[in-house]
Amino acid sequence: MATVHDVAAYILRSKGEMTAMKLQKLVYYSHAWSLVWDECPLFPERIEAWASGPVVRDLYEHHRGKFRLHEWPLGDPAALTDAQRETVDGVLEFYGDKSSQWLSDLTHREDPWRDARKGLAPGERGCSEISNAAMAEYYSAILD
């Protein structure tokens, strides 16, 4: 299975330099849509509902303190299967030209992030997991 690092490396190679926040959101949507379109997770790492939106802590630990990223040397884009690349490319086609803030605002309006943050005040730190089941259910439903 590909790792979140492989997905991040693929996204940056495909789209070029972007903010760390935008990378986090594109990784999140790639994973979510993989659950719907491919019926399997894109990577095994946990996605958490932080105040700024969905975050993969393992990515964050490696980009902490950096605003813009242009490459992800920890990952191998070639580790993605053809089906995984097709899924990520579909996500990039739809979400890839959106700003970091637009993507963050969108995640804040969607149930997977909102439900994982239940009981927390806006801006309050939290690290509850956004489950694969919650993402699959929500994003499958918006296709109908």
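Guide: Helices (H or I, at least four residues) and strands (E, at least two) are DSSP runs, numbered from the N terminus. The model to which these names are applied here is a predicted one.

Visitor: In which loop does Glu-39 lie, and is this residue buried or exposed?
Guide: Glu-39 belongs to the loop that runs between H2 and strand E2 (48-50). Although Glu-39 is not a glycine, its phi is positive, at about 60°. Since residues over 50% relative accessible area count as exposed, the 69% relative accessibility of Glu-39 puts it in the class called exposed.

Visitor: How are the axes of H2 and H5 placed, and what is the word for their orientation?
Guide: Helix H2 covers residues 20-37 and helix H5 covers residues 100-109, and their axes come within 8 Å of each other. The two axes cross at roughly 45°, and H2 passes H5 in a left-handed crossing.

Visitor: Is Thr-107 buried or exposed, and what is in contact with it beyond its neighbours in sequence?
Guide: Thr-107 is found in helix H5, and its relative accessibility of 0% means that it counts as buried. When neighbours within four places in sequence are left aside, the residues in contact with Thr-107 are Lys-25, Tyr-28, Tyr-29, Gly-53, Pro-54 and Trp-113.

Visitor: At what angle do H2 and H7 pack, and which residues of H7 make the contact?
Guide: Helix H7 takes in residues 132-141, and its axis lies 8 Å from that of H2, with an angle of about 75° between them. H2 and H7 are therefore described as roughly perpendicular to each other. From H2 the contact involves Tyr-28, Tyr-29, His-31, Ala-32, Trp-33, Leu-35 and Val-36, and the residues of the contact of H2 with H7 divide into nine nonpolar, three polar and no charged. The residues that H7 brings to the contact are Asn-132, Met-135, Ala-136, Tyr-139 and Ser-140.

Visitor: Where does Glu-137 lie, and how many Å in space are there between Glu-137 and Ser-52?
Guide: Glu-137 lies in helix H7, and with a relative accessible area of 63% it is exposed. Glu-137 and Ser-52 are 85 residues apart in sequence, while in space their separation, C-alpha to C-alpha, is 22 Å.

Visitor: How many disulfides does a search of the whole structure find?
Guide: Cys-40, at 34% relative accessibility, counts as partly exposed. Cys-127 likewise counts as partly exposed, with a relative accessibility of 39%. For disulfides, the number found by a search of the whole structure is zero.

Visitor: In which helix is Asp-115 found, and what is its distance in space from Cys-40?
Guide: Asp-115 is found in helix H6, which spans residues 111-116. At 43% relative accessibility, Asp-115 counts as partly exposed. Asp-115 and Cys-40 are 75 residues apart in sequence, and their C-alpha to C-alpha distance in space is 21 Å.

Terms used
Residues are numbered from 1 along each chain as its sequence is written. This is a predicted model: local features need pLDDT of at least 70, side-chain atom pairs count only at pLDDT 80 or more; totals for chains, interfaces and linings use all residues. Side-chain values use heavy atoms; hydrogens and water are left out. Axes are lines fitted to C-alpha atoms, for helices over the stretch in contact, and angles run from 0 to 180 degrees between N-to-C directions. A crossing is left-handed if the near helix is turned anticlockwise from the far one by less than a right angle, and right-handed if clockwise. A disulfide is a pair of cysteine sulfur atoms within 2.5 Å. Buried means under 20% relative accessible area, exposed over 50%, partly exposed in between (1.4 Å probe, protein chains only). Angles under 35 degrees count as roughly parallel, over 145 as roughly antiparallel, 65 to 115 as roughly perpendicular and the rest as oblique. Contact means heavy atoms within 4.5 Å. Ala, Val, Leu, Ile, Met, Phe, Trp, Tyr, Cys and Pro count as nonpolar, Asp, Glu, Lys and Arg as charged, and the others, Gly among them, as polar.
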